[in-house]
Amino acid sequence: MRVIVESDSETVARSAAVFVAALVRKKPTCVLGLATGGTPLGLYRELIRLHREEGLDFSRVTSFNLDEYVGLPPTHPQSYRYFMKSNFFDHINIDQRNTHVPDGRAEDFEEHAEEYERRIKEEGGIDLQVLGIGSDGHIAFNEPGSSLGSRTRLKTLTSETVRDNARFFDKPEEVPRLALTMGVGTILESRRCLLLACGKHKAEAIRATIEGPVTAQITASALQLHRDVVAVVDEEAATNLWRRDYYREVEQAQQALQSGKFKFLGQ
Ligand code: F6R
C-alpha cells in the first residue's frame, strides 16, 4: 500500500484530486467509485475548481457511489444521492444519467443490489474507488464482522457509526439504522483504491488498516490484499503509524526518481 502523509485536510484533498484528475484526463470514459461523508468534501471542491478553472472534463465519466441509507428518498437532504448532487454533480459537467447511487427505497433490495453489481460490470468495472474510513475501520458501510468477500447488500449500522453520522441529522434518532452498501469484495475489484482519512479520531482505524492484521473486524484492512491502494492521510490520522518515517522516505525516493535526481552508486 502506498501511504502519503500530508500536513492537513486541505493538502489531503489536493493530493487526492491529482490522482482523480490524472485518471479523468488519461481515460475520459473512466468509471469512478465515489464516497460521501465529511472526508471527500475537500476532494470534490478541488475537482470542481479544476473543472471550472482548468476545464477538467467529466462529460463522459460514469460513477457509482458506495452506499445509501435505507428509507431516505433522493430528495432528502441527508440522502447520499442528494449529497452527491449538491456537493459535486451539480457543479461539474457529468451527465447525471451516468451517476449511480444505490436506491434506499428499492422495492426489492436483494434484486436491486444484484442489479447494481451487474451495472458496475457492464460499465467495465470501477477504475478508481474513493474511500473514507469509519472510526470503527469500516469502508463503505461494511461494519466490523462483514465478510471480506461480501457484495452489495443491506447492512445494519453499528451504534458507533450511527453516533458518528448523527452530526448530519437534526436528531440522533433520525439516523437510519440500515444502509445498502457495496461489499468489501465489490470494492476489492476496483482497479485502484484511494483511501482518505483526516483527523485524530481516524488514527487508530488507519493504524489497524495499514499496519494491523487483515481482519473482518476492521474491514478496511482487506485493502492490504489489493495490489493498488493509495492512502492519503493527514498528520493527525497518521499519528499512530509505526512506519511513518519509512512512508515519507518512499515518497522522497519516488520524487527523486521522477525528477531524475536519483543517482546510481559510482556515477
Ligand atoms: C460514505 C462511506 C463511509 C464513510 C465513513 C467516513 O459513503 O462509505 O464509509 O466514508 O463513514 O465518514 P466521514 O468521512 O464522514 O468521516
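1. E46 counts as buried, at 13% relative accessibility. Buried means under 20% relative accessible area, exposed over 50%, partly exposed in between (1.4 Å probe, protein chains only). E46 lies in helix α2. Leaving aside residues up to four places away in sequence, E46 touches A13, R14 and A17. A contact here is heavy atoms within 4.5 Å. Helices (H or I, at least four residues) and strands (E, at least two) are DSSP runs, numbered from the N terminus.

2. On provenance: this is a predicted model, in which local features need pLDDT of at least 70 and side-chain atom pairs count only at pLDDT 80 or more, while totals for chains, interfaces and linings use all residues. Residues are numbered from 1 along each chain as its sequence is written, and side-chain values use heavy atoms, with hydrogens and water left out.

3. The largest nonpolar core has 63 residues, and L47 and F88 have the most contacts inside it. Helix α1 (residues 9–26) gives the most to this core, with eight residues. Such a core is a set of buried Ala, Val, Leu, Ile, Met, Phe, Trp, Tyr and Cys residues joined through side-chain atoms within 4.5 Å. L47 touches A17, V20, A21, L56, F58 and F88, not counting residues up to four places away in sequence. Another core, of eleven residues, lies apart from it; Y69, Y80, V101 and A179 are among them.

4. Helix α3 (residues 80–87) has Y80, R81, F83 and M84 buried. They cover an arc of only 160° around the axis, so they sit on the same side of α3. The arc is that of the directions from the helix axis to the C-beta atoms. The cover over the buried residues of α3 includes β2 (31–34), α2 (41–54), β3 (62–65), β4 (67–69), β5 (99–100) and α5 (159–165).

5. E107 lies in the loop between β5 and α4 (109–122). E107 is exposed, with a relative accessible area of 85%. From E107 to L131 is 24 residues in sequence and 27 Å in space, C-alpha to C-alpha.

6. A nonpolar patch on the surface is formed by L257, F262 and F264, with about 340 Å² of accessible area together. Patch residues have over 30% relative accessible area and no salt bridge; like charges are joined within 9 Å, nonpolar side chains (Val, Leu, Ile, Met, Phe, Trp, Tyr) within 5 Å. A salt bridge is a side-chain nitrogen of Lys or Arg within 4 Å of a carboxyl oxygen of Asp or Glu. Areas come from the Shrake-Rupley method with a 1.4 Å probe; for residues, only the protein chains shown count as cover. L257 is found in helix α8 (residues 244–258) and is exposed at 55% relative accessible area.
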